[in-house]
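Please read them with the structure open.

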Amino acid sequence: MSEMPPTDSASIPPPSPPPPPREAGLPWEEPNAGLGAIFPTAVSFVTRPIESFSRMSLTVDLVRPIAYFVACALIAACISQLWGYVLYDSFVGVIRSLAGTQFDKIAPFVKKPGLLQLAATLVLTPLVSLIVLFVWSALVHLMLTLLGGANRGFAATLRVMCYAQTTQLAVVVPGVGGLIAVVWRLILEIVGLSQAHKTDGWKALLAVLLPLLLCCACLILAIVAFGAAVGRALQN
């Protein structure tokens, strides 16, 4: 019997290393994620914002973050309407005490929320919110570009603004929920921009604050111009 030729162990290629484990992304960005993934995603941005923005995908279809934005806006609108209905009497009492005898003049404009108002809110909220989203994202991205911090494209900025909408859920706190949402949103936007664009925190801070200051300055000028026009009209 002929002997088998010896096998050269050096010629056998070593087994390929196992692929690295896939880094866990946001629950909302997982394949086939349903509406139930909104809540764990929101919780992650509340409890671990830096980690959540670092896990945010820059390649997932933009439909996902925009849908998350719209869902948060609708949930917040419904909660606000609910508080408006429940706290209506207290709200009217505060206005009555502040307005005094002038309350009868503004009473027709203070109405309890109804089904028609709720339906109009559910229709208009997504449209208005999306317009504000794209305008604000464009302003912030332009400012970040001028500061030399836009290391990724506009889509990265848009994704950050979409997930920063999580702050609108602060309206569950009656009264001060809106103020909490505004301050919290600015913080999330700064954190998100620095993580998504891999840029310095001060650049992300200025990119968010400068457009806000510009909008405030324009609003003040508009109010002053309107007041001056009214004053001239009264003099005439």
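1. Helices, as named below, are DSSP runs of H or I with at least four residues, numbered from the N terminus. The model is predicted. The chain contains nine helices and zero strands, so read along the sequence the pattern is α-α-α-α-α-α-α-α-α.

2. Of the 236 residues in the chain, 33% are buried. The chain exposes about 14700 Å², and carbon and sulfur atoms supply 72% of that area. Among contacts between residues at least 6 apart in sequence, 72% join residues at least 24 apart.

3. Threonine 166 sits in the loop between α7 (154–163) and α8. Is threonine 166 buried or exposed? Its relative accessibility is 1%, so threonine 166 counts as buried, the cut-off being under 20%.

4. The side chain of threonine 166 makes a polar contact with the side chain of tyrosine 68, at 2.7 Å. Apart from neighbours within four places in sequence, threonine 166 is in contact with Ala42, Phe45, Val46, Tyr68, Cys72 and Trp184.

5. Arginine 185 belongs to helix α8, which covers residues 177–196. Arginine 185 counts as buried because its relative accessibility is 15%, again under the 20% cut-off.

6. Which backbone oxygen does the side chain of arginine 185 reach? That of methionine 161, at 3.3 Å. Not counting residues up to four places away in sequence, arginine 185 touches Met161 as well as Phe69, Ala164, Gln165, Thr167 and Gln168.

Notes
Residues numbered from 1 in each chain as written. Predicted model: local features only at pLDDT ≥ 70, side-chain atom pairs only at ≥ 80, totals over all residues. Heavy atoms only, no water. Helix = DSSP H or I, 4+ residues; strand = E, 2+ residues; numbered from the N terminus. Buried < 20%, exposed > 50% of the residue type's maximum accessible area, 1.4 Å probe, protein only. Polar contact = N/O pair within 3.5 Å; in protein donor to acceptor, adjacent residues only side chain to side chain. Contact = heavy atoms within 4.5 Å. Areas by Shrake-Rupley, 256 points an atom, 1.4 Å probe, with all protein chains shown as cover.
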